Amino acid sequence: MRIKDVASVLSAEILCRSDLAETEVKSACGSDMMSDVLAYVKDHAVLLTGLVNPQVVRTAEMMDMKCIVFVRGKNPSEQIISLAEEAGIVLMRSSYRMYTSCGLLYASGLKNEGNDTV
Amino acid sequence: MNETLKYVYEVDGSDFMSAGVASADVKKNLKMLGFSGDLIKKVSIAMYEGEINMVIHANGGIATVEVSDDCVSIVLADKGPGIEDIELAMSEGYSTAPDRIRALGFGAGMGLPNMKKYCDEFKIETELGVGTTVYMKVYNS
């Protein structure tokens, strides 16, 4: 699935780095706890979260993630957007809740290739 | 690269939102120096966890990173309160982080164990009321 397909499945608005929307992504994770993302996430390219602060972008950057989806219509600040721009991470915002967002992506074929359990 | 490169960062303890600046810079430099993605990820995660810890628990400190062809060495030194029980602090799920930090997505008690997991060598020296220094090494295999 490409990042632009993620946006389409989630009816999401891309907030920055739309130039990277053709990037292929093969797995995703959903969490509001960045500690857990750092500890348990393996090679996941998409992070879905309802947490909105600059450390979400930093965490994704350290984990080599390509895309962050803010669920529940959360609105990142300009500071967050510019950090992501610099880090080359696509940001998007969806009105769907976390559970629905994850379910929609999973049902559309974005699965986790052996990373379903810790 | 024949000589060892040294990077020193002052980690600002007053602003949680800007934590990670040093780790992001190290990541960028290692990429530029042509290190493997695997090594860069290990160093980035270990250092970022450490940087976050310094901001949460110790009001910042100094991060020193030395890079040679075969090893990246990270020393994180703070003048915080020190760690009372290292064994307990190293156990997964144990954290003394306040609720306001948990609300920001951190403080799950995974930081120290995660740092150890991503390093080839890991050592903590701490003294109550004096501070903590974490030594980490990741080898370029």
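Reader: How many salt bridges are there over all chains?
Author: This is a predicted model, where local features need pLDDT of at least 70, side-chain atom pairs count only at pLDDT 80 or more, and totals for chains, interfaces and linings use all residues. Residues are numbered from 1 along each chain as its sequence is written, chains are lettered from A and ligands numbered from 1 in the order in which they are written, and side-chain values use heavy atoms, with hydrogens and water left out. A salt bridge is a side-chain nitrogen of Lys or Arg within 4 Å of a carboxyl oxygen of Asp or Glu. By this rule, the count over all chains is eleven.

Reader: Which residue forms a salt bridge with A:Asp5?
Author: Look at the closest N and O atoms, 3.0 Å apart. A:Asp5 has a relative accessible area of 23% and is partly exposed. That class lies between buried (under 20% relative accessible area) and exposed (over 50%), with a 1.4 Å probe and protein chains only. The partner is A:Arg2.

Reader: Is A:Asp19 buried or exposed?
Author: A:Asp19 meets A:Arg17 in a salt bridge, 3.0 Å from N to O. A:Arg17 is partly exposed at 25% relative accessibility. For A:Asp19 the relative accessible area is 54%, so this residue is exposed.

Reader: Is B:Lys27 buried or exposed?
Author: The side chain of B:Lys27 forms a salt bridge with A:Asp64, at 2.5 Å from N to O. This pair crosses between chains: A:Asp64 is in the loop between helix H3 (54-62) and strand S4 (67-70) of chain A, and B:Lys27 is in helix H1 (residues 21-32) of chain B. Helices (H or I, at least four residues) and strands (E, at least two) are DSSP runs, numbered from the N terminus. B:Lys27 has a relative accessible area of 5%, so B:Lys27 is buried.

Reader: What is the area buried between chain A and chain B?
Author: Contact means heavy atoms within 4.5 Å, and 21 residues of chain A are in contact with 27 residues of chain B. Buried area is the accessible area (1.4 Å probe) that two parts lose on being put together, summed over both. Carbon and sulfur atoms give 55% of this area, and the total is about 1900 Å².

Reader: How many salt bridges are there between chain A and chain B?
Author: Take A:Asp43 and B:Lys41, whose side chains meet at 3.1 Å, N to O. A:Asp64 and B:Lys27 also meet in a salt bridge. Between chain A and chain B the count is two.
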